Amino acid sequence: MFQPIIPLSGLGGLRFLQDTYDSQFEAFTQSAQLQRDSDYFRENIGKVESAEDLVSDYRLLSITLGAFSLHDDINSQYFIRKILEEGTTNEDSLANRFTDPNYKELSEAFGFGPGETLKIGEPLFAEKIINQYEAIEFEIATGEQNETMRFALYAEREMGDLANDDMSNDAKWYTIMGDAPLRNVFEKALNLPSSFGEIDLEQQLGVFKERAAKEFGTDDLSVFNDSAAVQDLVTKYVVRDQLADFSASSSSNAIALTLLTGR
């Protein structure tokens, strides 16, 4: 399988990846395994009539979970079935109880829940899931080369949709706080310490909004429906992540030098 090429770290690596993304992504998705997965999903998803049908097909379930960054739940078929069957229209449904927004997005995407419309038969349904699956697989492969670049790609893909969502601004912030990759991006971009997550959630919300207002001129996340704002976020994240690595490396080198010289 083609592996993403990132010849540099930091901002230089990000710009190279952005400039070559289309060609690298195309090469990646041409791999035999991804082609087989995509073909299998197209050919078989239309046979699914219930959540039980979906979770009973290991391969369909694997691709589906991969499309929502939920790979680790592949052996939790009963749990995923409940997520799908309970839907999202009820505030107490299982998908709505998790801070991780991927469970809600998964359930909404299929429409198995009470009062919901099954979406499997809709035009381009299969292509939408396959496109998400391939994008996330590429991000995972990128992360094997450089985890910072994986999170940057994730933020570029997710922030536009989140910005345009009709939920309240605070709800969007809580979504970021519950989404580990996005949280990582914002914490680094806003120069927040690693211990920040230990304080009360409402306090975290206040700090996030205060720092965002200083960095981006507003705490309103709808600003990220502009691709330029997303690039500003990602650039700040990558630069500050690189600076943190450089600082940690410099500190380690200084300690080593002190030990060696006996000073």
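1. Which residues in helix 2 meet which residues in helix 4? In this predicted model, the helix 2 side consists of Gln33, Arg36, Asp37, Tyr40, Phe41 and Asn44. They meet Arg59, Leu60, Ile63 and Thr64 of helix 4. Sorted by class, this contact holds four nonpolar, three polar and three charged residues.

2. The geometry of that pair is as follows. Helix 2 covers residues 32–44 and helix 4 covers residues 58–66. Their axes come within 10 Å and cross at roughly 110°. An angle of 65 to 115 degrees counts as roughly perpendicular, and helix 2 and helix 4 are therefore roughly perpendicular to each other.

3. On the overall fold, the protein chain has twelve helices and zero strands. The C-alpha trace spans about 70 × 45 × 35 Å along its principal axes.

4. Helix 8 and helix 9 form another packed pair. Their axes come within 10 Å, with a crossing angle of roughly 155°. Angles over 145 degrees count as roughly antiparallel, and helix 8 and helix 9 are therefore roughly antiparallel to each other. The crossing of helix 8 past helix 9 is right-handed.

5. What meets what between helix 8 and helix 9? Helix 8 brings Met159, Leu162 and Ala163, and helix 9 brings Lys172, Thr175 and Ile176. The contact comprises four nonpolar residues, one polar and one charged.

6. Helix 10 (residues 180–189) packs on helix 11 (residues 201–216) at an angle of about 55°, and the axes are 10 Å apart. Helix 10 and helix 11 are therefore oblique to each other. Their crossing is left-handed. Helix 10 makes the contact through Arg183, Phe186, Glu187 and Ala189, and helix 11 through Gln204, Phe208 and Glu215. By class these residues are three nonpolar, one polar and three charged.

7. Two or more lining residues come from each of helix 6 (101–110), helix 7 (125–145), helix 8 (147–164) and helix 9 (169–178). Helix 6 gives the most, with six residues. The lining of the largest pocket divides into 16 nonpolar, seven polar and eleven charged residues. Thr175 is also part of the contact between helix 8 and helix 9.

8. The second largest pocket has a volume of about 300 Å³. Of its 17 lining residues, Ser69, Asp100, Asn102, Arg150 and Pro181 lie nearest its centre. At least two residues each are supplied by helix 6, helix 7, helix 8 and helix 10. Which helix has the largest share of this lining? Helix 8 does, with three residues. The classes here are seven nonpolar, four polar and six charged.

9. Helix 8 packs against helix 9, contributes to the lining of the largest pocket and supplies residues to the lining of the second largest pocket. Helix 10 contacts helix 11 and also supplies residues to the lining of the second largest pocket.

How values were computed
Residues numbered from 1 in each chain as written. Predicted model: local features only at pLDDT ≥ 70, side-chain atom pairs only at ≥ 80, totals over all residues. Heavy atoms only, no water. Axes fitted to C-alpha atoms, helices over the stretch in contact; angles between N-to-C directions. Helix = DSSP H or I, 4+ residues; strand = E, 2+ residues; numbered from the N terminus. Parallel < 35°, antiparallel > 145°, perpendicular 65-115°, else oblique. Left-handed = near helix turned anticlockwise from the far one by under 90°. Contact = heavy atoms within 4.5 Å. Nonpolar A, V, L, I, M, F, W, Y, C, P; charged D, E, K, R; others polar. 1 Å grid on protein atoms, 1.4 Å probe; cavity = no way out; pocket = protein on both sides within 12 Å on 5 of 7 lines; lining within 4 Å. Points joined across faces, edges and corners; volume = space filled by probe spheres on them.
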